[in-house]
Amino acid sequence: MTEIHKRYRLTSTEDPTDEMLHALMEDVAQAARESSAKAEAEKKRRLQAVAKEIEEWKSKAGL
């Protein structure tokens with residue numbers, strides 16, 4: 001949480017300045033990028049695990 005979040009809450013009765021709004025939007029964008037990267041890494045990990053399981057199953061089945 002950045003300093004902007006500590007000074008401004010969306011429930012505040014005052015409107016954010018353009019600078020505050022820009023900083024809040026940048027924080028949200030950064031969080032979204034990090035979340036997407038984590039999701040992509042987890043998807044890749046799971047697909048590799050499934051591929052490994054399939055290869056093991058094929059090997060055991062003699063295919």
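Predicted model: local features only at pLDDT ≥ 70, side-chain atom pairs only at ≥ 80, totals over all residues.
At 46% relative accessibility, Glu40 is classed as partly exposed.

**The Glu40 and Lys43 pair**

Glu40 takes part in a salt bridge with Lys43, and the closest N and O atoms of the two are 3.6 Å apart. Both residues belong to helix 2, which covers residues 18–61. They are 3 residues apart, a spacing of about one turn of the helix. Lys43 has a relative accessible area of 45%, so this residue, too, is partly exposed.

**The network around Glu42**

A search of the whole structure finds 3 salt bridges. Apart from the pair described above, attention turns to Glu42, which is linked with Arg45 and Arg46 in a network of salt bridges. Towards Arg45, the closest N and O atoms are 2.6 Å apart; towards Arg46, the corresponding separation is 2.7 Å. Arg45 and Glu42 stand 3 residues apart in helix 2, about one helical turn. Glu42 and Arg46 are 4 residues apart in helix 2, again a separation of about one helical turn.

Arg45, at 46%, counts as partly exposed. Arg46 reaches 54% relative accessibility and therefore counts as exposed, given that the exposed class begins over 50%.

| Salt bridge | Closest N and O atoms |
|---|---|
| Lys43 and Glu40 | 3.6 Å |
| Arg45 and Glu42 | 2.6 Å |
| Glu42 and Arg46 | 2.7 Å |

**The protein as a whole**

The secondary structure comprises 2 helices and 0 strands. Of the 63 residues in the protein, 6% are buried. The accessible surface of the protein amounts to about 5800 Å², and carbon and sulfur atoms account for 56% of that surface.

Which residues are linked in a network of salt bridges? They are Glu42, Arg45 and Arg46.

Conventions
Residues numbered from 1 in each chain as written. Heavy atoms only, no water. Salt bridge = Lys/Arg side-chain N within 4 Å of Asp/Glu carboxyl O. Buried < 20%, exposed > 50% of the residue type's maximum accessible area, 1.4 Å probe, protein only. Areas by Shrake-Rupley, 256 points an atom, 1.4 Å probe, with all protein chains shown as cover.
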